[in-house]
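Have a go at each task before reading the solution under it.

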Protein chains: 2
Amino acid sequence: MHDADDILDSISGDNDDVRPSPTFAALGADKQERIVAEALDEFAEHGFEGASVNRLVARLVIAKGSIFQYFGTKERLFAYVFERVAGRFAAALRAVRDETKDAHVLARIRASLMAGVAFIDAHPRIYRLYVRVSLQDTMPLRGRLLAEARRQSARYLRRLVTDGLARGELKAGLDVDAGVFFLDALMDRFLLAYAVDFLDAGTGLYRAAPEVLSAKLEALMDLIAGALAARPAKDEKR
Amino acid sequence: MHDADDILDSISGDNDDVRPSPTFAALGADKQERIVAEALDEFAEHGFEGASVNRLVARLVIAKGSIFQYFGTKERLFAYVFERVAGRFAAALRAVRDETKDAHVLARIRASLMAGVAFIDAHPRIYRLYVRVSLQDTMPLRGRLLAEARRQSARYLRRLVTDGLARGELKAGLDVDAGVFFLDALMDRFLLAYAVDFLDAGTGLYRAAPEVLSAKLEALMDLIAGALAARPAKDEKR
DNA sequence: TATGAAAATGACCAGGTGGTCATGACATGC
DNA sequence: GCATGTCATGACCACCTGGTCATTTTCATA
């Protein structure tokens, strides 16, 4: 039914036109990983402008020259780290979407949110970097890097919505664009509120304990269901 | 009806514990305004870290020493500018809320969104500064400055929701916290998508022409109504 | 072990940062 | 006309930035 889109997904997945020097490629995999991890830390903590190469090499106990030998430029270092890391979140969500292919669309949305929370717990720095980049318009590569992420997110949700419509699980007259926007806003903010303290508007979602989190999640799902779901029966949870 | 809250609102409105030196206060009002406006520009454009006092004084054609005589510190300059400017958005919304006191809660939400759009059009730099600060955790005063803004926003929406519930315009069993979160997320994102290019997930909301904007707004209002509104005329649901 | 190339190194560079302060212009009161 | 105090000024400071490059170290091969 939607195999054509799957092909598109996989094509756009790995777009590595930002390559480090062969010298870096020749490094041991562990050392590469250490450099990427530490750089991710630095960028996640201070953003692109605020990040300091001096600080980074001090942490790594490595000569500054080496970084520039590997990447040439702070900007290209950033691009490399970002691209190496950015796809993971989308990939995790895509996996959930595919695993729940036959479930009710509301169950799939719930599963996506839970997967998002799990990802944040497992890779807080990656999510933090993503958040940072999202609104830092001084970032030179922002457009190129983020446009792709956004496009993937929109396509992801659009698929959920059109699937749900096709199965009659969503309101017949539903405007797809509006539905996508609606879900994007709510899901994004839900995860943001979980990950960033002062964004939860006093609802106590920030780093909430599992029981609290799941209560909030159900309350949100009720509202989403009210807005989007067709109403053949009264209750249709997972 | 809810006068007690109004008093609270007005008390928390002007909290100016960040004062410039008397020298600055003695300046002509026009010069003060020019300095604040230009500093707002600089901070909105580059964020707190990225903003340069050198660049600022160059724009103002004023000696650098003067800025430090007025404010002592880049940080205090920022705090002053932010506090002088931050309340305006909230005030604009509050005005709308009070003007529409007797309208249906959905109409009030719609009016709030339109007022938000109008504010962004009128004061793009103020909104931009707000957006910037929202996710820049390097900002030393972030917590203090933003907590207040968030609290006001939450209180604003909470009032709308509880009013709507009291009048039976919203679903009887509605969880107030969830409703506030729901509205906060959608309204915030709607305005963000209108103001910041790459956040609209391909829905074409960014700087949309009035007709497009109003169509998107109505589509969103439909979804909000489905999620929150009581259904007196229409069929089903308990 | 000797050789040569590749890779690591960190002193160094020009330019920018937030912040300081001695200087002098200018107003006011006598 | 002088003394006094306020305030604007911009040269200056220590420090940090991203980036360079001559020099040294490493190491595979002969």
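This is a predicted model: local features need pLDDT of at least 70, side-chain atom pairs count only at pLDDT 80 or more; totals for chains, interfaces and linings use all residues.

**Exercise 1**

- Step 1: find the helices. H7 of chain B covers residues 105-122, and H10 of chain B covers residues 176-195.
- Step 2: sort them by class. The contact of H7(B) with H10(B) comes out as 10 nonpolar, 2 polar and 1 charged.
- Step 3: look at the axes. They come within 10 Å and cross at roughly 30 degrees. Angles under 35 degrees count as roughly parallel, so H7(B) and H10(B) are roughly parallel to each other.
- Step 4: The crossing of H7(B) and H10(B) is right-handed.

**Exercise 2**

Describe how H4(B) packs on H5(B), starting from the angle and ending with the residues.

Solution. 

- Step 1: get the geometry. The axes of H4(B) and H5(B) are 9 Å apart, and the packing angle is about 110 degrees.
- Step 2: The range from 65 to 115 degrees counts as roughly perpendicular, so H4(B) is roughly perpendicular to H5(B).
- Step 3: name the residues. H4(B) brings Val53(B), Asn54(B), Leu56(B), Val57(B) and Leu60(B), while H5(B) brings Lys64(B), Ile67(B) and Phe68(B).
- Step 4: classify. The contact of H4(B) with H5(B) splits into 6 nonpolar, 1 polar and 1 charged.

**Exercise 3**

Now do the analysis for H3 and H6 of chain A. What is the make-up of their contact by class?

Solution. 

- Step 1: H3(A) is residues 29-50 and H6(A) is residues 74-99; their axes sit 10 Å apart at an angle of about 105 degrees.
- Step 2: pick out the contact residues. From H3(A) there are Gln32(A), Glu33(A), Val36(A), Ala39(A), Leu40(A), Phe43(A), Phe48(A) and Glu49(A). From H6(A) there are Lys74(A), Glu75(A), Leu77(A), Phe78(A), Tyr80(A), Val81(A), Arg84(A) and Val85(A).
- Step 3: answer the class question. The contact of H3(A) with H6(A) has 10 nonpolar, 1 polar and 5 charged residues.

**Exercise 4**

Turn to the DNA. Which residues come nearest to DNA strand C, and which elements supply the surface there?

Solution. 

- Step 1: collect the neighbours. There are 17 residues around DNA strand C, and Ala51(B), Ser52(B), Asn54(B), Lys64(B) and Lys74(B) come nearest.
- Step 2: check the polar pairs. A side-chain polar atom of Tyr70(A) is 3.3 Å from a phosphate oxygen of DNA strand C. The backbone of Ala51(B) places a polar atom 2.8 Å from a phosphate oxygen. Lys64(B) goes for a base instead: a polar atom of its side chain lies 2.6 Å from a base oxygen.
- Step 3: assign the elements. Two or more residues each come from H5 (64-71) of chain A and from H4 (53-60) and H5 (64-71) of chain B. H5(A) gives the most, with 5 residues.
- Step 4: wrap up with totals. The surface near DNA strand C has 6 nonpolar, 8 polar and 3 charged residues.

**Exercise 5**

Which side chains and backbone atoms of chain A lie close to phosphate oxygens of DNA strand D?

Solution. 

- Step 1: begin with the 18 residues around DNA strand D, where Ala51(A), Ser52(A), Asn54(A), Lys64(A) and Lys74(A) come nearest.
- Step 2: take the side chains. An N or O atom of the Ser52(A) side chain is 3.0 Å from a phosphate oxygen, and one in the Asn54(A) side chain is 2.9 Å from a phosphate oxygen.
- Step 3: take the backbone. Val53(A) has a backbone N or O atom 3.0 Å from a phosphate oxygen.
- Step 4: see who contributes. H5(B) gives the most to this surface, with 5 residues.

Notes:
Residues are numbered from 1 along each chain as its sequence is written. Chains are lettered from A and ligands numbered from 1 in the order in which they are written. Side-chain values use heavy atoms; hydrogens and water are left out. A residue is near a molecule or strand if one of its heavy atoms lies within 4 Å of it. A polar contact is a pair of N or O atoms within 3.5 Å; within protein, one must be able to donate a hydrogen and the other to accept it, and residues adjacent in sequence count only if both atoms are side-chain atoms. Helices (H or I, at least four residues) and strands (E, at least two) are DSSP runs, numbered from the N terminus. Ala, Val, Leu, Ile, Met, Phe, Trp, Tyr, Cys and Pro count as nonpolar, Asp, Glu, Lys and Arg as charged, and the others, Gly among them, as polar. Axes are lines fitted to C-alpha atoms, for helices over the stretch in contact, and angles run from 0 to 180 degrees between N-to-C directions. Angles under 35 degrees count as roughly parallel, over 145 as roughly antiparallel, 65 to 115 as roughly perpendicular and the rest as oblique. A crossing is left-handed if the near helix is turned anticlockwise from the far one by less than a right angle, and right-handed if clockwise. Contact means heavy atoms within 4.5 Å.
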